[in-house]
Amino acid sequence: MSTEAQEGGVRRADLRRARARVVGVLVNVVRWAGNLGAALLVIHVVFTVAGANPDNGITQFVASCAETLALGFQDLFMPADPTLAVAVNYGVAALFWLIATSMAVRILHALA
């Protein structure tokens, strides 16, 4: 085998390893972002169900993030109890984020 052919094979192997590293980093970023989004939604549900002070800065921050992350799930179900509405709707949104994250991670792994 010629030296050029060997060098070409080494370059391809290096590119494959670099691509796998980049995809690995991307997978971790997607996984962390999706899990963080789901966690914020669940924390909002916990704060609401537990009766946390809605004027507290932490509660307001979490509620603001949850509102953004809910992606239209906020009013998917309309039970009479507003606490139940938050628990169900934001819980469904958290489940959506976990499923979407899992699917995105699988797709990214398939690209590696």
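Helices (H or I, at least four residues) and strands (E, at least two) are taken here as DSSP runs, numbered from the N terminus. On that basis the secondary structure of the protein comprises three helices and zero strands, and the elements follow one another from the N terminus as α-α-α. The radius of gyration, taken over C-alpha atoms, is 22 Å, well over the 13 Å that the globule rule gives for 112 residues, so the protein is more spread out than a compact globule; the rule itself is 2.2 Å times the number of residues to the power 0.38. The C-alpha trace spans about 75 × 25 × 15 Å along its principal axes.

The model is a predicted one, in which local features need pLDDT of at least 70 and side-chain atom pairs count only at pLDDT 80 or more, whereas totals for chains, interfaces and linings use all residues. Residues are numbered from 1 along each chain as its sequence is written, and side-chain values use heavy atoms, with hydrogens and water left out.

The protein exposes about 7,600 Å², of which carbon and sulfur atoms supply 68%, the accessible areas coming from the Shrake-Rupley method with a 1.4 Å probe and, for residues, only the protein chains shown counting as cover. Buried residues (under 20% relative accessible area, with exposed meaning over 50% and partly exposed in between; 1.4 Å probe, protein chains only) make up 22% of the 112 residues. Among contacts (heavy atoms within 4.5 Å) between residues at least 6 apart in sequence, 63% join residues at least 24 apart.

Helix H3, which covers residues 82–111, has 30 residues and reaches 43 Å from its first C-alpha to its last. This is close to the 44 Å expected at 1.5 Å a residue, where the expected span is 1.5 Å times one less than the number of residues. At the start of H3, a side-chain oxygen of aspartate 81 comes to within 3.2 Å of the backbone nitrogen of threonine 83. Buried positions in this helix include Ala85, Val86, Asn89, Tyr90, Ala93 and Ala94, and also Thr101, Val105 and Leu108.

When residues up to four places away in sequence are not counted, tyrosine 90 touches Leu41, His44, Val45, Ala66, Glu67, Ala70, Gln74 and Ala85.

Phenylalanine 96, also found in helix H3, counts as partly exposed at 35% relative accessibility.

Within helix H2, threonine 59 is buried, with a relative accessible area of 12%. Its side chain reaches the backbone oxygen of asparagine 53 at 3.3 Å, and, apart from neighbours within four places in sequence, threonine 59 is in contact with Phe47, Ala52, Asn53 and Pro54. Serine 64, found in helix H2 as well, is partly exposed, with a relative accessible area of 44%. Serine 64 and leucine 41 are 23 residues apart in sequence and 10 Å apart in space, C-alpha to C-alpha.

Note on methods
Polar contact = N/O pair within 3.5 Å; in protein donor to acceptor, adjacent residues only side chain to side chain.
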